[in-house]
Amino acid sequence: MTYTLTLDGHALHHYGQGVYGWGPTSSTTGQPGRLVEWTMRCEVEDWMQARRVFCAGAVIEEARAVAQQARAAAEAWRESWPGHAGGVVLVWDGEGYGWKNCLRDAGHERPGALAVDADGNVYRAEGGNDLDGASVWVVV
């Protein structure tokens with residue numbers, strides 16, 4: 001099990017040389033980052049405690065729990081809307097809200113939206129903003 005840290009739907013990434021930020025791409029350099037994951041919850045809490053201002057409002061997410069909740073929401077949505085066996089179900093705040101025949105441009109969804117495909121793979125829209133949409137889909 002792994003834990004991640006998110007702020008307003010943007011996951012914490014490491015861009016190298018001790019530089020961290022919220023989202024898959026650095027807003028100052030454009031450098032792609034690596035998702036930061038911890039194996040123990042106490043490690044995340046310690047990291048946040050040492051960076052209180054930077055982490056203000058951030059939430060610890062259990063990767064497995066997020067994926068399981070998204071799968072359950074997608075399954076419930078598919079039951080309510082027969083005929084959508086394939087494609088991806090879009091999930092926001094624990095509820096299915098739409099369907100697409102395939103995972104498309106993340107710019108059509110807001111950061112933090114989840115997509116669950118027919119095989120149970122879960123993706124999170126990251127980067128960007130609520131107005132312009134997310135910038136990428138990342139595997140959860």
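In the predicted model, the lining of the largest pocket draws at least two residues from each of four elements: strand 1 (3–7), strand 5 (59–62), helix 2 (63–80) and strand 6 (88–92). Helix 2 gives the largest share, with 3 residues. The lining comprises 17 residues in total, and those nearest the centre of the pocket are E61, V66, D93, G112 and L114. Sorted by class, 7 of the lining residues are nonpolar, 6 are polar and 4 are charged. The volume of this pocket is about 380 Å³.

D93, one of the residues nearest the pocket centre, is placed in the loop between strand 6 and strand 7 (95–100). Its relative accessibility is 70%, so D93 counts as exposed, the cut-off being over 50%. The backbone of D93 has a positive phi of about 55 degrees, although the residue is not a glycine. A positive phi is also found at Q17, again not a glycine, with a value of about 50 degrees. Q17 sits in the loop between strand 2 (10–16) and strand 3 (19–22). With a relative accessible area of 81%, Q17 is likewise exposed.

Strand 6, which contributes to the pocket lining, also contains V91. V91 is buried because its relative accessible area, 2%, falls under the 20% limit. Leaving aside residues up to four places away in sequence, V91 is in contact with A70, A73, A74, G96, Y97, A113, L114 and V116. Of these contacts, L114 is also among the residues nearest the centre of the largest pocket. V91 and R110 are 19 residues apart along the chain, and their C-alpha atoms are separated by 11 Å.

The largest nonpolar core consists of 12 residues, namely Y3, L5, L7, L12, V36, W38, V44, W47, M48, C55, A58 and I60. Strand 1 and helix 1 (41–50) are the elements that provide two or more residues to this core. Another core, of 11 residues, lies apart from it and includes V66, A67, A70 and V122.

The cysteines were examined for disulfide pairing. A disulfide is a covalent bond between the sulfur atoms of two cysteines. With a cut-off of 2.5 Å between sulfur atoms, the count comes to 0 disulfides. C42 is in none, and the cysteine sulfur nearest to that of C42 belongs to C55, at a distance of 15 Å. C42 has a relative accessible area of 34% and is therefore partly exposed, as the value lies between the limits of 20% and 50%. C102, at 36% relative accessibility, also counts as partly exposed.

G120 occupies the loop between strand 8 (114–117) and strand 9 (122–126). Despite this loop position, G120 counts as buried, because its relative accessibility of 16% is under 20%. The C-alpha atoms of G120 and V138 are separated by 14 Å, with the two residues 18 apart along the chain.

Key. Residues numbered from 1 in each chain as written. Predicted model: local features only at pLDDT ≥ 70, side-chain atom pairs only at ≥ 80, totals over all residues. Heavy atoms only, no water. 1 Å grid on protein atoms, 1.4 Å probe; cavity = no way out; pocket = protein on both sides within 12 Å on 5 of 7 lines; lining within 4 Å. Points joined across faces, edges and corners; volume = space filled by probe spheres on them. Nonpolar A, V, L, I, M, F, W, Y, C, P; charged D, E, K, R; others polar. Buried < 20%, exposed > 50% of the residue type's maximum accessible area, 1.4 Å probe, protein only. Core = buried A, V, L, I, M, F, W, Y, C linked by side-chain atoms within 4.5 Å. Contact = heavy atoms within 4.5 Å.
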